[in-house]
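Hi everyone, thanks for coming.

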Amino acid sequence: MRLKHKKIVVNSQKRSYKVYDLHTLIVGSGAAGLATAVRLHANGIKDLLIVTEGLKMGTSINTGSDKQTYYKLSLCADDNDSPLEMAKTFFNGGAVHGDLALTEASLSARGFLHLVDLGVKFPQDAYGQFAGYKTDHDPRRRATSIGPYTSKQMCLSLIDEIKQRKIDVLEKNTVVKLLVVKENKKRRVVGAVSIDNKGKVSVFYASNVVYATGGPGGLYKTSVYPKVHTGAVGVALLEGAAARNLTESQYGLASIKFRWNVSGTYMQVVPRVISTDPDGKSNVCEFLKDYYKKSGDMHSAVFMKGYQWPFDTAKAIGGSSLIDILVYIETVIKGRRVFLDYMENSDGFELDDLSSEACEYLKNSGAYQDTPIDRLMHMNPGAYELYKDHGIDISQEYLEVAVCAQHNNGGLAANHWWESENITHFFPVGEVNGSHGVCRPGGSALNAGQVGAFRAAEFIAAKYSEVSINSEKYLKKTDRILNNIFEMIDKSQDPTNASWRDERKEIQERMTECGAHIRSLDQVEEGLKNAWRHYARLTTNASFCTSALHYKEIFRNIYLCFSQVVYLEAICFALTEGVGSRGSAMVLDKKGKKIHKDLDDKWKLMVEDESFRSKVLVSEFDGHTPVNNYWEDCRELPVGDMWFENVWADYRNGKIYNS
Ligand SMILES: Cc1cc2nc3c(=O)[nH]c(=O)nc-3n(C[C@H](O)[C@H](O)[C@H](O)COP(=O)(O)OP(=O)(O)OC[C@H]3O[C@@H](n4cnc5c(N)ncnc54)[C@H](O)[C@@H]3O)c2cc1C
């Protein structure tokens, strides 16, 4: 560690804290934060610091699936792809701004090849072509993968590069507050405050803050985000950072003992899907059977969950997403547990009874073996090993699953240079940035993170390369903020307050109950009222904690609960406006369409009003209740004539940064 800028300050209440003064602060070290640091350094911004909970924390380095996907511009054979074609795919997902779609497409190849150059071994043929395959919501073959651990390998290669470039990293620090001031009638960020694992406070003054804290993993009880990942979108929401499309997230089937998506081969080998009593062994039943007339249809639907992993309301009636609903009913409504059994075939399983698509796929893959585990060992032995490595032997035991929160398509609102729409010098990148809409192609989250890194770094280097703050000016304001923080820490020592773990549980259970993939207006309204109350309690009482290691959890509870408030406000607004069921969120409504004839009347789906696909939902908190939610028309895809001399002139004189 060669941090130069350290000094110790004692504040008005005689509490000490460390101060760092730097040009650009990067909060978070997932694939997006690391890439931004590398690109800033490559663009000549050397006075950098990454502040992070840890290099081994976050989603990117801890997650994956049977074949974790990276979505990129096609770079193979005669695929005839182009930035505009790819942008159309993003844009057509609905509720997406055209300029963001085009930028994510235009920089896709650059972001991808940068990773290749850093040593990420994306498969290529003898002539250097990067072969691709089709992923969900992908009209072409733009997807690639290096196996289950694509994002982990991206992080490892980026960390090597960070080391090569000697970029400073401060681990075991959780940012709990952003410093935002008003300047020239605009709000700008000037730094952040963190608490480390020993309970010590640090202040970072910075001319620019790149915010790469990932998705809101800690919001949900039922979640496939890695356990170590909480996310911190709430820290920015509390400062009034504009957000968009907070209503749009992805949910799907995942194992819960070890959190992992059961997509691809895990479902294509057609495991037996069973439920049990809460003890995990009594009253075993194949609960899906009651909803399918023919076993071949049921097995084909299980197979299709491999391709069609995210819960998708368009596939709820008569499609493969009925499975997610039935799993939800079994686990949440009936209180049973659901498992995938790879040891035995489901009753009546016959290859030839499957849909032609499933049957052909399995036959082409030589998957004639007698049991799901044998088929899995044949088609994808790594998928078996993965669970074995994490202490679950699926050749000997059931694999417990649930419908879990996986990704937030929405997030903080930024422009096409990834600068926040309403806080200058503040750059949300990666999953915390809400550039996606209703549907996005699988793998586009990783693409967006790398593109954001290029954009933010280039813009900072071009427009914000000067030191633009004088930290002395902000000491008074910081002093007040720190007094509040120390006061909360003191309050957290009161054992009559609820423990931070119980408070966290309450937040997570509420979100899973009313703000996940099954929503209804009554429940959201009720949840929202409780979330506001809970937030008020957390800010008055502070969660009880016994060790300095947990001081950060007091603040995490506050910003998690606040983000819940803002997310539920957005969901409530969208439901009231009549958006209906779309993407991965189903809205139940008495007057809606029945999902399945054998399900009770509660299971009626409110049909989507597709006119909302041309709008983006913006949510902003200005310090007063309620949160301000409003629609913004989607900006069209910018289709210029790309006349070279004009583009060159705009580039030479820096006009591109003004548009
Ligand atoms: C099971 C699963 C499978 C997925 N599969 C795919 C896929 O196939 N393709 C795809 O494109 N996407 C996939 N995703 C999504 C994708 O992995 C994530 O969107 C992406 O990795 C997020 O990267 P990030 O850098 O934005 O955030 P993260 O990798 O989550 O990093 C966030 C960083 O910020 C730090 N941090 C957070 N809060 C604070 C704070 N307050 N102070 C300091 N540091 C903080 C964390 O410790 C971490 O270092 C998947 C996600 C999951 C959960």
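I'll start with the ground rules, then go from the inside of the protein to its surface.

What you see is a predicted model, in which local features need pLDDT of at least 70 and side-chain atom pairs count only at pLDDT 80 or more, while totals for chains, interfaces and linings use all residues. Residues are numbered from 1 along each chain as its sequence is written, and side-chain values use heavy atoms, with hydrogens and water left out.

Let's begin with the cores. A nonpolar core here is a set of buried Ala, Val, Leu, Ile, Met, Phe, Trp, Tyr and Cys residues joined through side-chain atoms within 4.5 Å. Buried means under 20% relative accessible area, exposed means over 50%, and partly exposed is in between, with a 1.4 Å probe and protein chains only. The largest core has 145 residues, and among those touching the most other members are Leu25, Phe426 and Trp603. Helix 17, residues 551-577, gives this core its largest share, 17 residues. Helices (H or I, at least four residues) and strands (E, at least two) are DSSP runs, numbered from the N terminus.

There is also a second, separate core of 44 residues, and Ile26 is one of its members. Where does Ile26 lie? You'll find Ile26 in strand 2, residues 16-27. Ile26 has a relative accessible area of 0%, so it is buried. Contact means heavy atoms within 4.5 Å, and beyond its neighbours within four places in sequence, Ile26 has contacts including Gly33, Leu40 and Val210.

Next, please find strand 15, residues 399-408. Is this strand largely enclosed or open? Nine of its ten residues are buried, so strand 15 is largely enclosed by the rest of the structure. Two strands pair if DSSP finds at least two bridges between them. Strand 11, residues 249-255, runs antiparallel to strand 15, with seven bridges joining them; Ser249 has Asn408 as its bridge partner. Strand 14, residues 337-341, also pairs with strand 15 in the antiparallel sense, over three bridges, and there Phe339 stands opposite Glu400.

Finally, the surface. Trp648, in helix 18 (residues 644-652), counts as partly exposed because its relative accessibility is 42%. Together with Phe644 and Tyr651, Trp648 forms a nonpolar patch on the surface, with about 380 Å² of accessible area. Areas come from the Shrake-Rupley method with a 1.4 Å probe; for residues, only the protein chains shown count as cover.

Note on methods:
Patches are made of residues with over 30% relative accessible area and no salt bridge: like charges are joined within 9 Å, nonpolar side chains (Val, Leu, Ile, Met, Phe, Trp, Tyr) within 5 Å. A salt bridge is a side-chain nitrogen of Lys or Arg within 4 Å of a carboxyl oxygen of Asp or Glu.
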